[in-house]
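I opened my notebook to write down what I looked up, one topic at a time. The structure comes first, and my entries follow.

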Amino acid sequence: MRKILQGNEAIARGAWEAGVTVGCAYPGTPSSEILAELSKYPEVYTEWSPNEKVAVEVAHGACFAGGRAIACMKHVGLNVAADPFMTISYTGVKGGFVIVVADDPGQHSSQNEQDSRHWTRFGKVPMLEPADAQECSDFTRIAFDMSERFDTPVLLRSETRVSHCDSTVELGERKEGTVPKRLDKKDIPKMVMVPMYARVRRILVEERIGKLATYADEEFPYNVMEINDPSIGFIASGVTYLHTKEVFPQYSFLKLGMTWPLPKKLIAEFFKKVKKVIVVEELDPFFETEIRALGFKVRHGKDLIPAIGELTPTIIEQSLSKAVTGKRIKPAKASVKQEELPKRPPNLCAGCSHRPLFVALKKLGLFVFGDIGCYALAVSPPLSAMHFSTCMGAGVGGAYGAGKVLGSEGLGKICAVLGDSTFLHSGIGPLIDTVYNGGYSTTIILDNRITAMTGQQEHPGTGYSIKGDPADMVDYAQLAKAVGVKNVRMIDPYNIKETIDVIREEVNREEPSVIITQNSPCILLRRDKPRERFKHPSYRIDSDSCAGCKMCLNVNCPAISWVENPGTSKSGSKRKGTSFINQDQCVGCAVCSQTCEFESILPNEQ
Amino acid sequence: MSNNGKTRNIFLSGVGGQGTILASNILGQVLLDAGYDVKKAEVHGMAQRGGDVTTHFRFGEKVYSPLIKQGDVDYLVSFELLEALRYLNWVKPEGKVILNNFSILPPAVNLGKMKYPKDVEKTFKKHFKENVWLVNGYEIAKGIGNTQVANVVLLGALSNFFPELKAEQWTAGIRSLLPAKLHEINVKAFNEGRSAIKN
């Protein structure tokens, strides 16, 4: 049976067909749907792990007990999981172990742009790179077989345009894994990576990569040569192969389904069969560098193709046409000037509990050490209320470190802000550091009871498992107290005045504080009925009294807009226009009404 | 399979929350059932928070890249007027354009810092002449009883350009992807959209 599947769904399908028994992940765009889909299969144990390192460790343990296991993450997730990953290369596996890493070229939804292919050479672990949904399914199944046959974890690299592209997939049946499910104490030299055993494994790792290189050349069915017009030969992998094939279908191709180790014989053969070789790859010159190092003459690569951002058929055509066909293709002349069109950046939703918190922080004029999540949207004007953000948990350590330099000068001026899910991901360590080493910064946990930005995934603080079953939940206040935070305060962020008072008090304290928002679920989280907490269904502008001061516009709510209409307000002040609240969008959170000095924002009754 | 199996390109643009993904899922199901190879690309995540969203949708005998080349769009279906203008350059000279007569103001306009573009339909007509159709998707959906089905109204309008596909094939696609309680309203939305424009 054929079905249209998203790349991520197809990875989940392939894993299920391969008999996977355990799947672990921390959500991250563009990888999140893999585990969400896998959790729908009753034969598979799945979990949202607190972070990617834990996910890899749990899956590793599962594979050592004989199960087939998969751990999924976005590119930056593998940075978090790098520690176990690099040593799991040494221990190898029992049941098959696949690590999916999904890159985000072009940074559609990420803090940086990494080329995860570097991990394959660095970790001495093979990597497969599917191009579309069918290959996502096929390669995942092959990855499990390879993993068991070569005693290695296998990296499966996806990216936005593979994970989030839909295409047809042939569905297969599930086959259970054949490795016996048990632990064996005789495996000590394989499983315990102390120096005396790790040195032995170190040699095996090198031998393994040699065997895999032979496999890449002689057996792996998806390193494919297509000889057409031999005047030009393209070497490409993944979706970049598809883009290139689209633009230059008449020429020859070497499509690499396995990124590493490279099929050296096949590459040599390709260079014999075609005249000029062009390496087309997204992000870094990974293949180009390696192939040049083998002594082959690569005619073109990163000299013509951008190394920044995602490649598209348009970009490939524009950068290579001159070299391939002799005819330059220029970008189309714009008939509408893009810079004259208003941009449409993502924004916090109407009614979002993060909005009033950042209105409060802005009012206090604090320097805000932020984090990764929806609240990062508070960096956009007119809120502009976040001043630092690198990775998950980093704001807590950052605020503490800045305090060490500023000393008492920094008191009352700085705070760290992060979400519930990110706090559990990696905010606890730096909080302990703040307490242990005598910092004073205040950490504000924005508890919206879900991992929101990636599309509503459960986590250890929500009370539910990935399958929706009730689960034990972390108590942030207890946790903060247990690590030594003496000042733990709860706030209702929708009460802006009270929020300002509490934050002001805590940031001026000479010891660490934790402030936790409560009763502030994500406005999109239906389960927690977020709108029921609001007294009124919506608010409206009293356009007679509105002074046109635009204070309410500064909260940057998508429901509020400006209507130009010069005149005078009821109280006689001149105005250029009035604000307007879209009744379809307003949910009645009352944040804007608290910023209005003229009492012109009025509640609607039921 | 008509058109000699040549790949055809549909580009959907709109604002997060307008239902472009469901529309493209239905499109995919219908064309797969009709025997085509289908590929589509969407960006999920950040864009959902009221940002601009696009879908590249391609079908034919054999489709390689999931992304459409700039200037290769055969059919532009825009769920929002400003979001159509952003992609005017993507449409082939002989391409067809369906515009939902609906505006969602972006932040810079809300704040009074920029103006929302005027005469979007006129701009398109200047370039694409009679190949531009304005559909009152929001109004039609409101008339049926739920503004959320405007996406399927637009799909109905688009269906006119594929005479090889019967209305029943489209409604079968709608039924197979949506829960039963939503069948009636969406089939109605599709039919109203289909009769809203004359090809």
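Entry 1. Two strands count as paired if DSSP finds at least two bridges between them. I needed that before looking at β10 (residues 229-237) of chain A, which is joined to β11(A) by six bridges and runs parallel to β11(A). I also noted that the model is a predicted one.

Entry 2. I stayed with β11(A), residues 251-256. G233(A) has S252(A) in β11(A) as its bridge partner. I then looked up β9(A), residues 224-226, and found three bridges to β11(A), with the two strands antiparallel. There V224(A) is paired with K255(A) of β11(A). Is β11(A) mostly covered or mostly open? I found six of its six residues buried, so I put it down as mostly covered. In general, strands of a sheet pair through backbone hydrogen bonds, and they do so either parallel or antiparallel.

Entry 3. I looked up an open sheet in chain A. It has five strands in the order β14-β15-β16-β18-β17, and the pairing is parallel. Which strands stand at the edges? They are β14(A), residues 367-369, and β17(A), residues 487-491; each has a single partner strand, so one side of each has no neighbour in the sheet. From one strand to the next, the twist averages 25 degrees.

Entry 4. I went through β16(A), residues 442-446, in that sheet. Five bridges join β15(A), residues 414-419, to β16(A), and these two strands run parallel. One of the pairs is G419(A) with L446(A). β16(A) also pairs with β18(A), residues 513-517, in the parallel sense, over four bridges. In β18(A), V514(A) is the bridge partner of T443(A), and I516(A) is the bridge partner of I445(A). I checked burial next and found five of the five residues of β16(A) buried. Both faces are covered: T442(A), I444(A) and L446(A) lie on one side, with T443(A) and I445(A) on the other.

Entry 5. I turned to where the chains meet. How many residues of chain A are in contact with chain B? I wrote down 46 residues of chain A, in contact with 43 residues of chain B. On the chain A side, the elements giving two or more residues are α8 (160-163), β8 (165-170), α11 (238-247), α14 (313-325) and β20 (560-568). The residues of that side divide into 21 nonpolar, 17 polar and eight charged. β8(A) is joined by three bridges to β2(B), residues 37-42, and the two run antiparallel. In this pairing D166(A) stands opposite K40(B).

Entry 6. I looked at two helices of chain B, α5(B) (residues 137-144) and α6(B) (residues 150-159). Their axes come within 8 Å and cross at roughly 115 degrees. The crossing is right-handed. Which residues meet there? From α5(B) they are G137(B), Y138(B), I140(B) and A141(B), and from α6(B) they are A150(B), V153(B) and L154(B).

Entry 7. I checked the length of α8(B), residues 183-196. Its 14 residues should span 20 Å at 1.5 Å a residue, and its end C-alpha atoms are 20 Å apart, so the two agree. The buried residues in α8(B) include N186(B), V187(B), K188(B), A189(B), F190(B), E192(B) and G193(B). Among the elements that cover them are β6 (132-135), α5, α6 and α7 (167-177) of chain B.

Entry 8. I looked for cis peptide bonds. One joins T29(A) and P30(A), with omega about 10 degrees; P30(A) is in the loop between β2 (22-25) and α2 (33-38) of chain A. Another joins P381(A) and P382(A), with omega about 5 degrees. P382(A) lies in the loop between β14 and α16 (394-406) of chain A.

Entry 9. I ended with positive phi values in residues other than glycine. L283(A) has phi near 60 degrees and is found in the loop between β13 (276-279) and α13 (286-293) of chain A. Is L283(A) buried or exposed? L283(A) has 23 C-beta neighbours inside 10 Å, so it counts as buried. K550(A) has phi near 70 degrees and lies in the loop between β19 (538-541) and β20 of chain A. With 18 C-beta neighbours inside 10 Å, K550(A) counts as partly exposed.

Notes
Residues numbered from 1 in each chain as written. Chains lettered and ligands numbered in written order. Predicted model: local features only at pLDDT ≥ 70, side-chain atom pairs only at ≥ 80, totals over all residues. Contact = placed C-beta atoms within 7 Å. Nonpolar A, V, L, I, M, F, W, Y, C, P; charged D, E, K, R; others polar. Axes fitted to C-alpha atoms, helices over the stretch in contact; angles between N-to-C directions. Left-handed = near helix turned anticlockwise from the far one by under 90°. Expected span 1.5 Å × (residues − 1). Buried ≥ 20, exposed ≤ 12 C-beta atoms within 10 Å, placed from the backbone.
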